[in-house]
Structures are given as structure tokens and as C-alpha cells.
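Try each task on your own before reading the solution.

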Amino acid sequence: QNSVKDFHVAIANLFAIHQFDKIAIKERIMKGRFKGGPLSFKMEALIQMVDDSIEIVHSARVRSKTKDLDVSKDSLKKYQEEAFQLALYLLME
């Protein structure tokens, strides 16, 4: 319970310090290799509680918006690519 509270406070502090223009969470995948587990579900809920302007974005929407971009992903690890694409999506919005 303390770690959940600590995470919530840390996220709230991060948002307060950096004052992001946009915040988005990629919609959760329900099956497959990168499906979200119960821990990520709780983390997502805590993040959404900090700021009511957080956008949930479907991965198909991200792909369609960023598909024509010629951006090198060579230095990224596989698990970082979707977060990178989401960041590109937000920059284009």
C-alpha cells in the first residue's frame, strides 16, 4: 500500500515540476506478448488520477498518424518503439 501511495505522489510531483503540454497513455493491449498486467493497470489508474486531461490513445491511431514519418529507430530497443511513436503522435497533434 505504501508503494502505491509513493508512486502516486512521485507521478504527481513529476507532472507538477515539468508541467507537460500533453500527456497520453497508449490504450492497453488485452492479449499477446505485450499485454498489460494487473500492475500496469493500477499504475495507469494512478496516473489518470493525477491529471484529468490525460488522453488514452489507441495504437492504430498512433500508427496511422506516424506511418509516413521517416524517423530512425535504430538506437531504440523493441519495447521503447511504441512509446517513441506515441511521443511523435503527441508532437504532431
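Of the 93 residues in the protein chain, 19% count as buried. Please keep in mind throughout that this is a predicted model.

**Exercise 1. Get your bearings**

Find how many helices and strands the protein chain holds, and in which order the elements run.

*Solution.* Begin with the count: the protein chain has four helices and two strands. Next, walk from the N terminus, and the elements come in the order α-β-α-β-α-α. Then look at the overall extent: the C-alpha atoms fill a box of roughly 45 × 30 × 25 Å along the principal axes. Finally, turn to the contacts with a separation of 6 or more: 63% of them in the protein chain are between residues 24 or more positions apart.

**Exercise 2. The crossing of helix 1 and helix 2**

Describe how helix 1 and helix 2 are placed relative to each other, and what kinds of residues make their contact.

*Solution.* Step one is the geometry: the axes of helix 1 and helix 2 (residues 38-50) come within 9 Å and cross at roughly 45°. The two helices are therefore oblique to each other. Step two is the handedness, and this crossing is right-handed. Step three is to list the partners. Helix 1 brings Val4, Phe7, His8, Ile11, Ala12 and Phe15, while helix 2 brings Met43, Leu46, Ile47, Met49 and Val50. Sorted by class, the residues of the contact of helix 1 with helix 2 are 10 nonpolar, one polar and no charged.

Asn13 counts as partly exposed, at 43% relative accessibility. The C-alpha atoms of Asn13 and Val50 are 9.4 Å apart in space, although 37 residues separate the two in sequence.

**Exercise 3. The crossing of helix 3 and helix 4**

Work out whether helix 3 and helix 4 are roughly parallel or roughly perpendicular, and sort the residues of their contact by class.

*Solution.* First take the angle: the axes of helix 3 (residues 59-66) and helix 4 (residues 81-92) come within 9 Å and cross at roughly 65°. That angle makes helix 3 roughly perpendicular to helix 4. The crossing of helix 3 with helix 4 is left-handed. Now list the partners: Arg61, Val62, Lys65 and Thr66 come from helix 3, and Gln85, Leu86, Leu88, Tyr89 and Met92 from helix 4. By class, the contact of helix 3 with helix 4 holds five nonpolar, two polar and two charged residues.

Gln85 belongs to helix 4 and counts as buried at 18% relative accessibility, because the cut-off for buried is under 20%. Setting aside neighbours within four places in sequence, Gln85 is in contact with Val62, Thr66 and Lys73.

**Exercise 4. Salt bridges**

How many salt bridges does the structure hold?

*Solution.* The structure holds four salt bridges. The pairs below are among them.

- Glu93 is partly exposed at 43% relative accessible area, and Lys65 is partly exposed at 35%.
- Glu81 counts as partly exposed at 23% relative accessibility, whereas Lys78 is exposed, with a relative accessible area of 55%.

**Exercise 5. A backbone angle to check**

Where does Gln19 lie, and is Gln19 buried or exposed?

*Solution.* Start with the backbone: Gln19 has a positive phi of about 45°, although Gln19 is not a glycine. Then place the residue: Gln19 lies in the loop between helix 1 (2-18) and strand 1 (24-26). Last, check the accessibility: Gln19 has a relative accessible area of 61% and is exposed, because exposed means over 50%.

Methods: Residues numbered from 1 in each chain as written. Predicted model: local features only at pLDDT ≥ 70, side-chain atom pairs only at ≥ 80, totals over all residues. Heavy atoms only, no water. Axes fitted to C-alpha atoms, helices over the stretch in contact; angles between N-to-C directions. Parallel < 35°, antiparallel > 145°, perpendicular 65-115°, else oblique. Left-handed = near helix turned anticlockwise from the far one by under 90°. Contact = heavy atoms within 4.5 Å. Nonpolar A, V, L, I, M, F, W, Y, C, P; charged D, E, K, R; others polar. Buried < 20%, exposed > 50% of the residue type's maximum accessible area, 1.4 Å probe, protein only. Salt bridge = Lys/Arg side-chain N within 4 Å of Asp/Glu carboxyl O.
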